[in-house]
Amino acid sequence: MAAAIHIGTQGWNYDAWVGPFYPTGTRPSEFLTVYARAFDSVEVDSTFYASPAATTIRSWVDRTPKGFVFSLKLPQEITHEHRLRDVTGATETFFERVRELGDKLGPVLVQMGPDFQPGELPALVDFIGRVPTDLKIAIEFRHRGWISDGVLALLKEHNIALALSDGRWIPRKMMLNLASRPTADFAYIRWMGPNDRSHEVEAWSEALEELSEKVSHIYGYVANTFSGHSPATAREFQYRLGQTPVDPDLLGEQMSLF
């Protein structure tokens, strides 16, 4: 495959993963370090609620190996409260802060709510015009009215990825078809669940194989509801895509390597 494929989960800070994924006895302060032994990327949900502090970013960098990538959600203050109409400068502040991740910064996800409808196209156009060209931006729509040739062309013009979300908002078949029409030189996929049928993982794996010939990087993140246990599903994706999943039983043994 041509693209570098980064498979991970949506978040890492789950106590319920101790035992099934994290070795028994793993402390919350160790979760990220252990997680990074199994996956090379993660989607950070906490930034949806507030921009991360500089000390937090430094902690993330220090606890992960070279080559690890963080994808961050744009704060809801921008997406849901101001609906992309930045009246406080929060967008610029966020972008400047996350640049502190350096080469560990992956895409920024702009997750819009289902009430953000196509009538607000001017706000989207204005936002896109303010996005720094040095950052990777992916936008997730939860209203199917946004899936149009005009919007896809707008995103492609600015090298912004349409986030492919396998959730309840837009039919999976439509999302799978859109995988053959990337709007950026990278792709972003979110598996939201809660289905657990293996043929769904198989269908997406086939779509990613085709997509990998059209982009340079693919970032895919499994929600903790998808199949009920996101690390297991992420490992299944790794296996189907020709990657070598790390056995959870070995994660504790690898603790001494970092």
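This is a predicted model: local features need pLDDT of at least 70, side-chain atom pairs count only at pLDDT 80 or more; totals for chains, interfaces and linings use all residues.
# Cavities, a pocket and a helix pair

The lining of the second largest cavity divides into six nonpolar residues, one polar residue and no charged residue. The structure holds two cavities of 30 Å³ or more, while the largest pocket has a volume of about 200 Å³.

**Second largest cavity**

- The volume of the second largest cavity is about 50 Å³.
- Its lining is formed by F141, L162, A163, S165, W169, I170 and M175, a set in which six residues count as nonpolar and one as polar.

**Largest cavity**

- The largest cavity has a volume of about 90 Å³, and the residues that line it are A161, L162, L164, L178, A179, R181, P182, T183, F186, A187, Y188 and L211.
- Strand 6 (161-162) and strand 8 (186-191) are the elements that give two or more residues to this lining, and the largest share, three residues, comes from strand 8.
- By class, the lining of the largest cavity comprises ten nonpolar residues, one polar residue and one charged residue.
- L162 is named in the lining of the largest cavity and also in that of the second largest cavity.

**Largest pocket**

- For the largest pocket, with its volume of about 200 Å³, the lining is made up of 14 residues, and P132, T133, L135, H158 and N159 are the ones that lie nearest the centre.
- The pocket lining has seven nonpolar, four polar and three charged residues.

**Helix 8 and helix 9**

- Helix 8 (residues 198-211) and helix 9 (residues 230-240) have axes that come within 10 Å and cross at roughly 45°.
- At that angle the two helices are neither roughly parallel nor roughly perpendicular, since the former requires an angle under 35 degrees and the latter one of 65 to 115, and helix 8 and helix 9 are therefore oblique to each other.
- The crossing of helix 8 and helix 9 is right-handed.
- On the side of helix 8, the residues in contact are S198, V201, E202, W204, S205 and E209, and these meet T233, E236, F237 and R240 in helix 9.
- This contact of helix 8 with helix 9 brings together three nonpolar, three polar and four charged residues.
- L211, which is listed in the lining of the largest cavity, falls within the residue range 198-211 of helix 8.

How values were computed
Residues are numbered from 1 along each chain as its sequence is written. Side-chain values use heavy atoms; hydrogens and water are left out. On a 1 Å grid over the protein atoms alone, a cavity is a set of points where a 1.4 Å probe fits but cannot get out, and a pocket is an open set with protein on both sides within 12 Å along at least five of seven lines; lining residues have an atom within 4 Å of a point. Grid points are joined across faces, edges and corners, and a volume is the space filled by probe spheres set on the points. Ala, Val, Leu, Ile, Met, Phe, Trp, Tyr, Cys and Pro count as nonpolar, Asp, Glu, Lys and Arg as charged, and the others, Gly among them, as polar. Axes are lines fitted to C-alpha atoms, for helices over the stretch in contact, and angles run from 0 to 180 degrees between N-to-C directions. Helices (H or I, at least four residues) and strands (E, at least two) are DSSP runs, numbered from the N terminus. Angles under 35 degrees count as roughly parallel, over 145 as roughly antiparallel, 65 to 115 as roughly perpendicular and the rest as oblique. A crossing is left-handed if the near helix is turned anticlockwise from the far one by less than a right angle, and right-handed if clockwise. Contact means heavy atoms within 4.5 Å.
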